[in-house]
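Here is a short briefing on one protein model. Keep the structure open while you read.

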Amino acid sequence: MKQIKGMQLGAVLAATLLLFVVFASMPASAYNAPGPRWAGTSTVYGWDWWGSIPSDWKPAIRNAASAWNSAGSVFRFNEDYWTANVYKASLGSAGPLARTYGSAPNYVILNVNTTFNSDVPWSTTGESGKNDVQNTATHEFGHWLILAHVTGSGDTEKTMYQYADTGETKKRTLEQDDKDGIIHIYG
Ligand SMILES: [Zn+2]
């Protein structure tokens, strides 16, 4: 199994929020909401100008956003072609599947972006031996909210579980604890 995102977000947030690291190391819980959040109840996501995200990935990423939009929270992800928040770029063959990176001074998110690792194999259909785009995107959008990892042995079915296998698609579907996480933060 490979870590989806690992400590990159933790490292970023640790610069502005030391509590993230403390919370991230706690035992299993229903969800992990370390504190930072968007000031409002929506954000936009979009594509980089140089077209690193393949066109056939976009439905998968839209579906990932829709999963959170249907979680029972008022929060909404809205697609906006004039922003550049999702990229595909090299993170190294030993790197994470994807990295969500941003800044949240004083617990308020200013910006977030996600990079899918171009050095690992991808599929939009859950093919064995490849990493599923929607599976990963749903997890990364959880980080946009800011939900952190759940790591317990009872957390393996949750979208915010920190590891994913190739061919895995179960993170496409939010578990109740994932839904409770976004509702906890945004109502
Ligand atoms: Zn993650």
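In this predicted model, strand E4 runs parallel to strand E6 (residues 111-117), and the two are joined over 4 bridges. That pair belongs to an open sheet of 3 strands. The briefing starts with this sheet, moves to the helices, and then covers the loops and the confidence scores.

**The sheet**

- The strand order is E4-E6-E5. Pairing within the sheet is mixed.
- Two strands form the edges: E4 (86-89) and E5 (98-103). Each of them pairs on one side only.
- From one strand to the next, the twist averages 25°.
- In the pairing of E4 and E6, which is parallel, Lys-88 stands opposite Phe-116 in E6.
- Helix H4 (residues 133-144) packs on the sheet. H4 touches E5 and E6. The direction of H4 makes about 15° with that of E5.
- As background, strands of a sheet pair through backbone hydrogen bonds, in either a parallel or an antiparallel sense.

**The helix pair H3 and H4**

- How do H3 and H4 cross, and at what angle? The axes of H3 (residues 58-69) and H4 come within 8 Å and cross at roughly 40°.
- The crossing of H3 and H4 is right-handed.
- On the H3 side, the contact residues are Ala-60, Ile-61, Asn-63, Ala-64, Ala-65, Ala-67 and Trp-68.
- On the H4 side, they meet Val-133, Gln-134, Ala-137, Thr-138 and Phe-141.

**Backbone details in the loops**

- Asn-106 lies in the loop between E5 and E6. Its phi is near 55°, a positive value in a residue other than glycine.
- Is Asn-106 buried or exposed? Asn-106 has 8 other C-beta atoms within 10 Å, so it is exposed. The cut-off for exposed is 12 or fewer.
- Tyr-107 also sits in the loop between E5 and E6. Phi of Tyr-107 is near 70°, again positive in a residue other than glycine.
- Tyr-107 has 15 C-beta neighbours inside 10 Å, so it counts as partly exposed. A buried residue would need 20 or more.
- The peptide bond from Leu-145 to Ile-146 is cis, with omega near 0°.
- Ile-146 is found in the loop between H4 and strand E9 (163-164).

**The whole chain**

- The protein has 5 helices and 9 strands.
- Along the sequence, the pattern reads β-α-α-β-α-β-β-β-β-β-β-α-β-α.
- Of the 187 residues, 39% are buried.
- Among contacts with a separation of 6 or more, 72% join residues 24 or more positions apart.

**Confidence**

- The average pLDDT of the protein is 87. A score of at least 70 is reached by 84% of the residues.
- Which stretch has a pLDDT below 50? Residues 6-28 do. In the model, this stretch has 41 contacts beyond near neighbours in sequence.

Terms used
Residues are numbered from 1 along each chain as its sequence is written. This is a predicted model: local features need pLDDT of at least 70, side-chain atom pairs count only at pLDDT 80 or more; totals for chains, interfaces and linings use all residues. pLDDT is the predictor's confidence in each residue, from 0 to 100. Two residues are in contact if their C-beta atoms, placed from the backbone, lie within 7 Å. Two strands pair if DSSP finds at least two bridges between them. Axes are lines fitted to C-alpha atoms, for helices over the stretch in contact, and angles run from 0 to 180 degrees between N-to-C directions. A crossing is left-handed if the near helix is turned anticlockwise from the far one by less than a right angle, and right-handed if clockwise.
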